[in-house]
Each structure stands twice: as structure tokens, then as C-alpha cells.
Amino acid sequence: MSRLTQRSRSIAGRTAIVTGAASGMGRATAHLFADEGARVVVVDLNAEGVEAVAAEIRAAGGEVLAFALDVSDAAAVADAVAQVATTFGGIDILVNNAGISVPAPLQLDDFEERWDRTLAVNLTAHVIWVRACLTHLEQSDAGRIVNIASTEGLGATAMISPYTASKHGVVGLTRSLAMELGPRGITVNCICPGPIHTGMTQDIPDEAKNKFARRRVPLRRYGDPEEVAHGTLSFVLPASSFITGAVLPVDGGLTVQNT
Ligand code: NAD
């Protein structure tokens with residue numbers, strides 16, 4: 001029998017960046033990581049929101065840095081990453097979570113604007129963050145990247161083609177970066193959440209949510225942001241050292257239901 005080795009099931013003392021952390025899944029992930037003893041860097045366009053989350057984490061005894069910036073602004077990202085590395089002495093974990101969803105039927109006059117903005121935030125920003133964090137992740141003994149895509153990265157809904165294209169892009173990017181960064185000791189995985197109660201879905205009336213869940217979700221409900229955060233945590237553990245290029249639906253079974 002081969003020798004059993006001890007691998008860490010803890011992220012205590014690790015430094016983790018979570019984008020889009022003022023709300024929804026990003027906020028839940030930042031809280032969970034801080035509860036697990038990680039130093040957390042919360043990033044969001046919403047300055048008030050991200051400061052509020054940082055204050056909650058601090059009040060609970062966690063170590064946290066907050067940045068109010070646009071994730072697709074490469075110069076701002078580079079500055080923030082440099083500050084994180086100086087303050088915390090390195091970066092172990094990057095969670096690319098910030099995202100937007102806007103209706104975009106093809107006939108809209110401002111379709112191209114919606115396309116460009118969606119691709120910039122949901123896809124290009126992921127690469128900007130990976131490139132900015134790369135040397136630090138490489139220096140970690142357990143460098144981890146998790147990209148938050150969507151079940152729209154595996155299937156499609158009408159009238160949101162920029163969103164669907166961006167999320168299919170995140171799946172492809174994850175697989176490509178897993179190939180490229182595997183030899184450099186960094187794992188890259190992707191989560192595809194199904195319908196989740198967050199800021200993004202808050203305007204959908206409860207009745208419509210329940211109807212959708214009854215028809216499409218084997219677990220018959222929307223998920224909670226914490227249920228996605230736990231999937232993300234499992235990917236970033238040092239012990240998850242042989243999982244890379246994986247695409248994990250956290251969707252209550254939506255993507256396996258056939259009828
Ligand atoms: P949310 O709206 O609650 O949170 C998204 C956060 O991202 C917000 O705080 C927002 O301010 C921030 N953000 C948006 N654009 C930004 C930018 N340019 N720079 C910095 N921050 C920015 O939504 P959520 O559902 O928690 O979304 C998290 C991720 O999950 C997104 O990538 C989304 O596409 C994905 N997702 C959501 C669902 C769902 O049902 N809620 C399903 C599948 C995938």
C-alpha cells in the first residue's frame with residue numbers, strides 16, 4: 001500500500017481574494033473563508049457594500065482588506081494586487097466571482113454596449129485578475145483559482161446572449177488555464193451555479209421563482225449563496241491538490257434533469 005500523506009483540509013492563514021464580494025455568493029464566500037481562518041480580500045464596484053462586508057468580517061474577528069474598484073480595470077486591479085501582496089505577504093487563492101446579467105435581445109440599439117460590458121466584467125476581468133495574481137499564486141504551495149460561471153455556461157436561455165457567451169467563455173477559460181497553469185502548480189476550477197437567491201435574482205417574484213424551481217430543479221427550490229460558497233471552499237483546500245479543470249454544477253440538479 002502506498003504511504004498515506006497528511007494533506008490540509010484547512011485554509012487557515014491563507015490569503016484569498018474574492019471579487020464581487022459586496023453581495024450574494026461573493027459575500028457568502030468571503031464570510032465562509034474568513035470563518036475558516038483565511039485572510040480575506042473583498043473586492044467590489046459597490047464601495048459602501050464592500051466596506052459593510054469588510055466591517056462584518058472584522059466584527060467577527062476576521063482579517064480583511066477591502067477594495068472598491070471595477071474588476072475589468074486592469075490598472076486598478078494591478079494596484080490592489082500589489083497592496084494585498086505587501087500587506088499579507090502573498091496570495092494563495094483567487095475567486096473570480098463578480099458578474100452582471102443584463103437582458104440583451106439582438107434588436108436593441110445598445111446591444112453592442114451590453115455585449116462589451118458583459119464580456120468585460122464576466123470574462124475578460126477573470127484573465128486580468130489571473131495575470132495580476134499569477135506570480136503570487138505560483139509562489140504559494142497551494143495556488144488555487146476558482147471561476148464562477150453559471151449553468152448558462154453549459155446550456156442557454158434566449159435574450160441574454162452576451163451573458164451566455166461570457167459564461168461559456170468562463171468554462172473554456174477554466175479548462176485552458178488548467179492546462180497552462182497545471183505545470184506551474186496552480187489548480188483552476190469552475191463552478192456553475194444554478195438559480196440562487198442573490199442580488200442578481202432578487203427582482204424575480206417569488207411566485208415565478210417557485211414555478212421555475214418546481215418545473216426545472218430536482219431539489220424543487222432556489223439555492224442559497226452559502227451552498228455555492230461551500231463548493232468553492234472545497235476546490236481551494238490544499239487537500240484538493242489533484243482537482244483541476246473541473247466544472248462543477250451547483251444547481252440542485254437542473255443540468256441533469258432531462259424531462
Ligand atoms: P449579486 O448581484 O448579488 O453579486 C454580484 C456582485 O458583483 C455585486 O456586489 C456587484 O456590485 C459586483 N460587481 C458587478 N460588476 C462589477 C464590477 N465591474 N467590478 C466589481 N464588482 C462588480 O449576484 P450573484 O448572483 O451573487 O453573482 C455572483 C456570480 O454568480 C456572478 O458571476 C453571476 O453571474 C453568477 N451566477 C449567479 C446566479 C444566480 O442565480 N444568482 C446563477 C449562476 C451564476
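Colleague: Is R184 buried, exposed or partly exposed?

Modeller: R184 is partly exposed, with a relative accessible area of 34%. Bear in mind that this is a predicted model.

Colleague: Which side chain does R184 meet in a salt bridge?

Modeller: That of E138. The N to O distance is 3.0 Å. R184 sits in the loop between helix 5 (161-181) and strand 6 (186-193), and E138 lies in helix 4 (residues 111-139), so the bridge ties together parts 46 residues apart in sequence.

Colleague: And how accessible is E138?

Modeller: E138 is partly exposed, at 33% relative accessible area.

Colleague: How many salt bridges are there?

Modeller: Eight. Another one joins E227 and R221, at 2.8 Å from N to O. E227 is partly exposed, with a relative accessible area of 35%. R221 is partly exposed as well, at 37%.

Colleague: What about D92, which residue does it bridge to?

Modeller: D92 forms a salt bridge with R14. Their closest N and O atoms are 3.8 Å apart. This pair links distant parts of the chain, 78 residues apart. D92 is in the loop between helix 3 (74-88) and strand 4 (93-96), while R14 is in the segment before strand 1 (15-19).

Colleague: Are D92 and R14 buried or exposed?

Modeller: Both D92 and R14 are buried.

Colleague: Which residues make up the network with them?

Modeller: R14, D92 and D141 are linked in a network of salt bridges.

Colleague: Switching to the largest nonpolar core. Which residues touch the most other members?

Modeller: I17, V43, L94, W129, C133, I145 and L181 do, out of 36 residues in that core. Strand 2 (39-44), helix 3, helix 4, helix 5 and strand 6 each supply at least two core residues. The largest share comes from helix 4, with 10 residues.

Colleague: Take L94. What does it touch?

Modeller: L94 touches I17, W129, V130, C133, L137, R144, I145 and V146. That list does not count residues up to four places away in sequence.

Colleague: What other core lies apart from the largest one, and how many residues does it have?

Modeller: There is another core, of 33 residues. A28, V146, I191 and I196 are among them.

Colleague: Which elements give two or more residues to the lining?

Modeller: Helix 1 (24-35), helix 4, helix 5 and helix 6 (206-216). Helix 6 gives the most, with four residues.

Colleague: And by class, what does the lining have?

Modeller: The lining of the largest pocket has 25 nonpolar residues, 17 polar and seven charged.

Key. Residues are numbered from 1 along each chain as its sequence is written. This is a predicted model: local features need pLDDT of at least 70, side-chain atom pairs count only at pLDDT 80 or more; totals for chains, interfaces and linings use all residues. Side-chain values use heavy atoms; hydrogens and water are left out. A salt bridge is a side-chain nitrogen of Lys or Arg within 4 Å of a carboxyl oxygen of Asp or Glu. Buried means under 20% relative accessible area, exposed over 50%, partly exposed in between (1.4 Å probe, protein chains only). A nonpolar core is a set of buried Ala, Val, Leu, Ile, Met, Phe, Trp, Tyr and Cys residues joined through side-chain atoms within 4.5 Å. Contact means heavy atoms within 4.5 Å. Ala, Val, Leu, Ile, Met, Phe, Trp, Tyr, Cys and Pro count as nonpolar, Asp, Glu, Lys and Arg as charged, and the others, Gly among them, as polar.
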